[in-house]
Amino acid sequence: MNLWLFLWFTALSCLRKSSSDDNSTVSTACQQKGHVASCQYQNLSKVPDLLMVETETIDLSHNSIKALTEESLLNFSSLQHLDVSYNQLKTITSGALAHLTSLTVLILANNRLGRNFSSSHETFSELKKLKVLDLSENFWDSDTVSQHLKNLSSLEKIHLSGNLLMKLTPDMFCEMQFLKYIFLEKNYITEITAGSFECLTNLLELNLAMNSLSCISNFHLPKLQVLNLSRNGIEFFMTDENKEEHHLQVLDLSHNRLLHFPFLLKLHQLKHLNLSSNLMISVTPDLLSNSAEWDARNRYKEFKVLNKTIKHSAYANLSEVISLDLSNNVLPDISHGFLSKFHSLQHLNLSRNCFQNFSVEDNDELNSLSSLDLSGNKLDNISVLGDNQKFLSLRYLFLQNNSIQLLPSQFFKALPKIEKVNLANNNVKICNVANKSIGYGNQIHSSHNDCVSFSGIPTLKYLNLDGNNITLLAPYTFYQTPLVYLQVSRNKYLEVPDQALTGLEQSLENLSLSWNLMQCTKVTLPCLSHLRSLDLSHNQFECLPYGVGCSPLQYLDIRGNNLYALQDLVTRNMSQTLKTMYLSGNYFNCCALTWLDALNGARVEIPDMNETQCSYPNHNDSSTVQLLSDHKGECYTESVTKVSPLLLLIFALAFLIVIGSVITLIAGECCRLCLNPGDDVFEADTAPVKTKSEHQLEGLSLSVINIEM
């Protein structure tokens, strides 16, 4: 009996210890600092028991909590901010939030609180101080919102994006008189009942993007400042006839099906207007005489009042607009007088339309314009008519992806503050000023009618000339133009002769000459004392241009060339400042890597080292191996074991000749001894020995013989 009691108490103590350990684990899963507890990504299945009673903020996001109960939140009466987003919430029990009387922010986004989630209709009614409620991505429909979001009179911001709302009615939000921000994007809203938002006198921002709205009429939210209606199916937008002044500052109607410029009669304070990615073929407010317009007229009763509406100027009150985006429409031009209405315009985007010509006229007031984007059109001409003082503030000009060959001869003189010009993918012909009278401190006085000159532009810092079929940068091309960034890539067989970059020695920091199929002998780079980044990739270089070694480079890209090795002197010089270098796609010699030793010694980063290949020059095949810091072992073995086949043949022939000669001599001597075995001995023994005097007498007698003929 005693044994059974002992086992029972032992098991009970173990269970208590295990339970204690579990609570400790849940508690210590959160990081607490001051009155804030962070418990994300801990795979929690319930709200943890925190030691601090006065916790004000708890972040429980990205866990597996399925229910909020009264017991789990009972001790958090001081809580002000609760985040339970990205969990598996299905239930909020009755009274679970009743004790959170100080709560101001409740985030329940990305859970499973569907239309039938377990809760009473008064779930949130006790939160008298709640200001921010996020219920995004919870599969709520319009009825669920109407039933559960009542008596939240203190609410200022509500997020309902990514749900199943289809219709908006006044009973959803009208009890929330302090609402300032409503986010309803990514729903299925097709209808907005009159009065749904008009009751909210404090509403400042309304986001209805990514829904299924087809028209906006009788718009009357005079206090609203930001309205996002992008990515719907809106075909027309018009305000009502009320004379009350509107405060709307930002209107986004991008990615819709607008057929013409919206009717903005009462939007006196509009500053940012986005009409990009629509179907506009004209900026005039008049009804268009095409089938799409007539089809819209028949489908919408609101079009009946348009004839009355268009008697007024549809954009008479756009003088405060700062930013206008008309990109990605089908506009063939800008109607006469249209731009004259935008006295404060700073940013104008007309890219990706159908412009063949762009002209600025006398009555166009564009002196505040800072950025003009005309890229992606069919431009071959840009005109500046009348007074040249049109672009006094223009700093950024985007003309890429057009068909421009020429610019007006005085074009850049009309841009006294121009800093950045993008002319990529055109057919610009650059003027050759090499034969002009150029000297330091002197301006270039010449008129070019058949080319574009980039010299003598004192404010220009960024220039992109990619893809213009330029074959030559003549000397002094950028003289007296202090460029910081120059890009001349994708111009096949480009030549950069001596003095082509003269004038950039003290300013240029970034130079790109990639994809030009350039050869080393066709490029001369001066010592650019501020050059930090140089891109020479995808050319036909067999050596590095001299100027590479005398510039303080930090970034160098030489991928895709014909380099077998880098000059040691150039490498040593540039490794003093170089930080990053790309090498792959060349034909490096594995046995000539002193330049790589210099780079490694300077700790230059080579991100594509694993992709860089080299080959052993004495191998018969053309196979390559990965470039390593040390190939000495393989190269030494090659020098010892690898001998030329021709040399081996010569050595073999010489050896055979020597052996043959030795054998022949030995064989001859043996034959002679065999034929006369005793004669030599006998003669040697019996031959008379002559004295020295006898030899001398013989010589004398021979020397006095006379031969008579």
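This report describes selected strands, ring pairs, charged pairs and surface features of one structure.

## About the model

The model is predicted, and local features are reported where pLDDT is at least 70, side-chain atom pairs count only at pLDDT 80 or more, and totals for chains, interfaces and linings use all residues. Residues are numbered from 1 along each chain as its sequence is written, and side-chain values use heavy atoms, with hydrogens and water left out.

## Strands and their partners

Strands of a sheet pair through backbone hydrogen bonds, either parallel or antiparallel. Strands are DSSP runs of E with at least two residues, helices are runs of H or I with at least four residues, and both are numbered from the N terminus; two strands are taken to pair if DSSP finds at least two bridges between them. Strand β33 (residues 613-615) pairs with β32 in the parallel sense over 2 bridges, and C614 in β33 is the bridge partner of F588.

Elsewhere, strand β14 (residues 215-219) and β16 pair in the parallel sense over 3 bridges, with C215 standing opposite F236 in β16. Along strand β16 (residues 236-239), F236 and M238 point one way while F237 and T239 point the other way, and all are buried; here buried means under 20% relative accessible area, exposed means over 50%, and partly exposed lies in between (1.4 Å probe, protein chains only).

## Aromatic rings

A pair of aromatic rings is described by the distance of the centres and the angle of the planes. Rings of Phe, Tyr and Trp (its six-membered ring) count as a pair if their centres lie within 6.5 Å, and planes under 30 degrees apart are called stacked, those over 60 edge-to-face and the rest tilted. By this rule, a search of the whole structure finds 11 aromatic pairs. In one of them, the ring centres of F412 and F454 are 6.0 Å apart and the planes stand at 50°, so the pair is tilted. F412 lies in the loop between β24 (396-398) and β25 (420-422), whereas F454 lies in the loop between β25 and β26 (462-464), so the pair ties together parts that are 42 residues apart in sequence. Both F412 and F454 are buried. Ring pairs also link F261, F338 and F342 into a cluster.

A charge is said to sit over a ring if NZ of Lys or CZ of Arg is within 6 Å of the ring centre and within 35 degrees of the ring normal. K157 lies over the face of Y181, at 5.3 Å from the ring centre, and R559 lies over the face of Y582, at 4.4 Å from the ring centre.

## Salt bridges

Side chains of opposite charge can pair when their charged atoms come close. A salt bridge is counted when a side-chain nitrogen of Lys or Arg is within 4 Å of a carboxyl oxygen of Asp or Glu, and the whole structure holds 5 salt bridges. One of these joins E137 to K186, with the closest N and O atoms 3.4 Å apart. This pair links distant parts of the chain, since E137 is in the loop between β8 (132-134) and α2 (142-148) and K186 in the loop between β11 (181-183) and β12 (191-192), 49 residues apart. E137 is partly exposed at 28% relative accessibility, and K186 is partly exposed at 40%.

With a relative accessible area of 27%, R559 is partly exposed, whereas D557 is buried at 2%.

## Backbone and surface

K186 has a positive phi of about 60° although it is not a glycine. N469 likewise has a positive phi of about 60° without being a glycine; N469 lies in the loop between β26 and β27 (485-487) and counts as exposed at 60% relative accessibility.

On the surface, L649, L653, F655, L656, I659 and I663 form a nonpolar patch with about 610 Å² of accessible area together. Patches are made of residues with over 30% relative accessible area and no salt bridge, where like charges are joined within 9 Å and nonpolar side chains (Val, Leu, Ile, Met, Phe, Trp, Tyr) within 5 Å, and accessible areas come from the Shrake-Rupley method with a 1.4 Å probe, only the protein chains shown counting as cover for residues. L649 belongs to helix α9 (residues 645-675) and is partly exposed, with a relative accessible area of 49%.
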